[in-house]
Amino acid sequence: MQIESSNLSIQWGARAQLAEQIDLSRYARCALVSDTSVSTLYGQGILDQLPNNTPLFTLPPGEKAKTLQEAERLWEQMYAAQLPRSTLMIAFGGGALCDLANFAAGCYMRGVDVALVPTTLLSMVDAAIGGKCGVNLGGGKSTIGLIRQPKRVIVDPSLLPELPPEELRSGMAEVIKAGIIGDPTLFSLLESSAGSISRCYPPLLTEIISRSIDVKMNIVDQDEREELGIRPLLNLGHTFGHAIESASGWGAMRHGEAISIGMVCAAELSSREGYLPSDVRERIEKLCFSFGLPTRIPPALSASQLIRLMRQDKKNLNSDITYILIREIGSVFTNNKIPDCKIKSILVDLGANPT
Ligand SMILES: NC(=O)c1ccc[n+]([C@@H]2O[C@H](COP(=O)([O-])OP(=O)(O)OC[C@H]3O[C@@H](n4cnc5c(N)ncnc54)[C@H](O)[C@@H]3O)[C@@H](O)[C@H]2O)c1
């Protein structure tokens with residue numbers, strides 16, 4: 001079951017009232033999990049709101065948290081702290097931390113409840129919503145994992161003005177994606193904010209986040225376990241984007257940057273296939289660009305290698321590559337019948353080298 005909207009709250013400054021937003025009386029213990037950077041900034045303020053015997057466990061920041069070794073280290077610390085089955089784990093951090101914490105909570109004593117408090121834009125609108133969690137293995141992203149809904153998601157947009165600008169930009173790609181997939185009003189709102197999120201004042205930022213979450217929850221509600229072909233629509237731009245991320249070397253480019261280029265590729269493909277009017281394709285590219293996101297493939301990347309990487313995409317049902325195409329802002333669909341030669345010409349025209 002998708003998290004009920006009653007279990008999700010979006011509130012400016014919510015982190016100062018966490019204890020009021022979570023029913024702690026249902027649990028024997030709680031544990032706070034964060035990363036070393038985020039906990040330096042906010043850890044004590046959160047701990048002060050929780051029972052005295054609440055341990056704080058810290059993980060390395062970013063992707064380094066998403067390993068089986070870190071999960072094991074966390075399980076050992078939880079066991080040493082004698083945390084029982086009736087424990088609520090509160091995860092306070094970005095998408096990587098939320099992914100690891102929800103996964104670790106799902107396995108500890110066959111599963112303890114988790115409340116997610118996402119602290120980056122990307123984790124607010126994407127990673128903390130929908131229940132997917134896990135760790136990386138063998139060069140693959142989130143190879144080992146679960147779909148497991150948190151008991152509570154608390155979104156506090158007031159964390160964002162402090163976020164490094166590059167992290168904010170990366171999250172904006174997923175916000176733009178949400179608009180293209182299912183919310184034309186969100187897309188227009190972004191266009192009219194003239195590309196500067198720093199100019200967004202609290203009500204606008206909160207509305208942008210809330211609308212993005214609605215798009216994702218609506219799709220996950222219909223197809224939580226990806227059995228109906230609806231949830232893959234959330235991967236707009238990701239077929240191209242993951243290949244670009246992987247070919248660049250994981251970590252060389254931020255996820256949202258690769259997704260921005262991937263969305264421009266998807267828009268170009270949709271336009272060349274006759275589905276998307278070229279002026280809408282231009283609006284998509286212009287919006288990404290206006291938020292400081294890249295829209296061209298780095299020339300060092302080879303088009304043939306990108307196609308090989310796209311063939312390994314988890315969405316593919318067989319050897320055909322599944323693309324998410326755009327019909328109009330707010331309407332997308334899947335297509336797995338595009339010949340590689342057409343894709344190669346798009347990749348080259350958008351910057352990849354023809355080898
Ligand atoms: N589960 C899902 O459905 C899903 C969806 C999308 C992405 N993801 C995952 O999310 C991860 C990316 O998440 P992300 O973009 O949040 O990056 P991140 O979790 O890697 O965090 C990026 C950096 O921002 C720092 N940070 C976090 N919050 C901060 C704050 N409020 N102030 C200052 N610094 C802060 C972190 O310490 C870290 O160094 C990837 O692992 C990706 O696979 C999961």
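Ala, Val, Leu, Ile, Met, Phe, Trp, Tyr, Cys and Pro count here as nonpolar, Asp, Glu, Lys and Arg as charged, and the others, Gly among them, as polar. The model is predicted: local features need pLDDT of at least 70, side-chain atom pairs count only at pLDDT 80 or more, and totals for chains, interfaces and linings use all residues. Residues are numbered from 1 along each chain as its sequence is written, and side-chain values use heavy atoms, with hydrogens and water left out.

**View 1. The shell around the ligand.** The shell holds 9 nonpolar, 7 polar and 9 charged residues. In total, 25 residues surround the ligand, and Glu 63, Gly 95, Thr 119, Thr 120 and Lys 132 are the closest (a residue is near if one of its heavy atoms lies within 4 Å). Helices α2 (36–47), α4 (95–107) and α5 (121–127) each supply at least two shell residues (helices are DSSP runs of H or I, at least four residues; strands are E, at least two; both are numbered from the N terminus).

View 2. The side chain of Asp 35 places an N or O atom 2.8 Å from a ligand oxygen. The side chain of Glu 63 also has an N or O atom 2.8 Å from an oxygen of the ligand. At Lys 132, a backbone N or O atom lies 2.8 Å from a ligand nitrogen. On its own the ligand has 870 Å² of accessible area, and the protein covers 86% of it (Shrake-Rupley method, 1.4 Å probe).

**View 3. Salt bridge Lys 216 to Asp 126.** The two side chains meet at 2.6 Å, N to O (a salt bridge is a side-chain nitrogen of Lys or Arg within 4 Å of a carboxyl oxygen of Asp or Glu). Lys 216 sits in helix α8 (residues 202–222) and Asp 126 in helix α5, 90 residues apart. Lys 216 is buried at 10% relative accessibility, and Asp 126 is buried at 14% (buried is under 20% relative accessible area, exposed over 50%, partly exposed in between; 1.4 Å probe, protein chains only).

**View 4. Salt bridge Lys 342 to Glu 273.** The N to O distance is 3.1 Å. Lys 342 lies in helix α13 and Glu 273 in the loop between α10 and α11 (278–290), so the pair ties together parts 69 residues apart in sequence. Lys 342 is partly exposed at 38%, as is Glu 273 at 26%.

**View 5. Helix α9.** Of the 11 residues in α9 (238–248), 8 are buried. Phe 240 and Ile 244 are among them. Gly 249 follows the helix with a positive phi, near 95°.

Conventions. Polar contact = N/O pair within 3.5 Å; in protein donor to acceptor, adjacent residues only side chain to side chain.
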